[in-house]
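Student: I have just opened this structure and would like to learn how to read it. Could you walk me through a few features, one at a time?

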Amino acid sequence: MEITIDHLMASSAFPVLFPSEPVGDRHMVDGGLAANLPILPLFREPPACPVKCLAFDLVQANGPVPNTLDDAVHRMQDLLLANQSQRSMELLKHRASGWPVPISALHISYKGEREVGGKMLEFSTASMKVRTDAGKSDAEIAMRWLDEAGLPGSHADHIEEYEFGVSG
């Protein structure tokens with residue numbers, strides 16, 4: 001299938017806020033609503049050789065107890081999407097158990113510090129700078145992991161390492 005502008009428009013359609021986009025005879029929306037961390041399609045079949053996979057997530061399951069309505073909206077958005085991601089990683093672990101090659105995955109969740117409750121719609125210069133800086137820091141950690149230099153000691157709250165399949 002050819003990817004068209006309709007497909008790209010559909011990728012940002014978020015029901016009620018942004019209408020679905022007609023693509024052929026279907027109406028499409030942001031795929032993140034169904035699979036926020038779309039890792040499972042990559043592993044329908046066992047890979048032919050060991051794999052190191054980086055899984056970047058835009059939300060975090062762990063977080064503070066909300067004290068305000070804005071905090072509660074922020075946590076609600078994170079929990080709805082983070083639970084999808086955790087479920088995907090659990091399904092991959094189950095799917096890959098016994099595969100003949102190892103799969104290593106580094107799951108990095110954006111911590112979302114200093115974000116507002118409606119962060120999905122907030123694209124101010126200040127917010128984009130915070131997100132860019134966090135992304136750069138997380139990318140440095142990921143590159144270190146890929147180079148097998150290890151992870152920093154203070155990664156527990158937003159980074160998780162997984163090993164699936166037969167250890168090699």
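Tutor: Let's start with a pair of facing residues: Lys 52 stands opposite Ser 104 in strand 4. Two strands pair if DSSP finds at least two bridges between them. Helices (H or I, at least four residues) and strands (E, at least two) are DSSP runs, numbered from the N terminus. Please keep in mind that this is a predicted model, where local features need pLDDT of at least 70, side-chain atom pairs count only at pLDDT 80 or more, and totals for chains, interfaces and linings use all residues. Residues are numbered from 1 along each chain as its sequence is written, and side-chain values use heavy atoms, leaving out hydrogens and water.

Student: How many bridges join strand 3 to strand 4, and do they run parallel or antiparallel?

Tutor: Seven bridges join them, and the two strands run parallel. On strand 5, the picture is this: six bridges join it to strand 4, and that pair runs antiparallel. There, Ile 103 stands opposite Phe 164 in strand 5.

Student: What do strand 3, helix 2 and strand 4 make?

Tutor: They make a right-handed β-α-β unit. To judge the hand, let the strands point away from you: the crossover is right-handed if the path from the first strand over the helix to the second runs clockwise.

Student: Which way do the side chains of strand 4 point?

Tutor: The general idea comes first: in a regular strand the side chains alternate between the two faces of the sheet. Here, Ile 103, Ala 105, His 107 and Ser 109 point one way, while Ser 104, Leu 106 and Ile 108 point the other way.

Student: Is strand 4 (residues 103–109) mostly covered or exposed?

Tutor: Mostly covered: seven of its seven residues are buried. Buried means under 20% relative accessible area, exposed means over 50%, and partly exposed lies in between (1.4 Å probe, protein chains only).

Student: Where is Ser 88, and what does Ser 88 touch?

Tutor: Ser 88 sits in helix 2, which covers residues 69–96. Because its relative accessible area is 11%, Ser 88 is buried. A contact means heavy atoms within 4.5 Å. Leaving aside residues up to four places away in sequence, Ser 88 touches Leu 37, Ile 39 and Leu 40.

Student: How many salt bridges are there?

Tutor: A salt bridge is a side-chain nitrogen of Lys or Arg within 4 Å of a carboxyl oxygen of Asp or Glu. By this rule, the count comes to three. One of them brings together the side chains of Lys 52 and Glu 148, at 3.8 Å from N to O. This pair links distant parts of the chain, 96 residues apart: Lys 52 is in strand 3 (residues 51–57), and Glu 148 is in the loop between helix 3 (125–146) and strand 5 (159–164). Lys 52 counts as partly exposed because its relative accessibility is 35%, whereas Glu 148 is exposed, at 66%.

Student: What about salt bridges inside a helix?

Tutor: In helix 2, Arg 87 and Glu 90 are three residues apart, so about one helical turn separates them. Their side chains meet in a salt bridge (3.8 Å, N to O). Arg 87 is partly exposed, with a relative accessible area of 47%, and Glu 90 is partly exposed at 48%. In helix 3, Asp 133 and Lys 129 lie four residues apart, about one turn. Asp 133 forms a salt bridge with Lys 129, and their closest N and O atoms are 2.8 Å apart.
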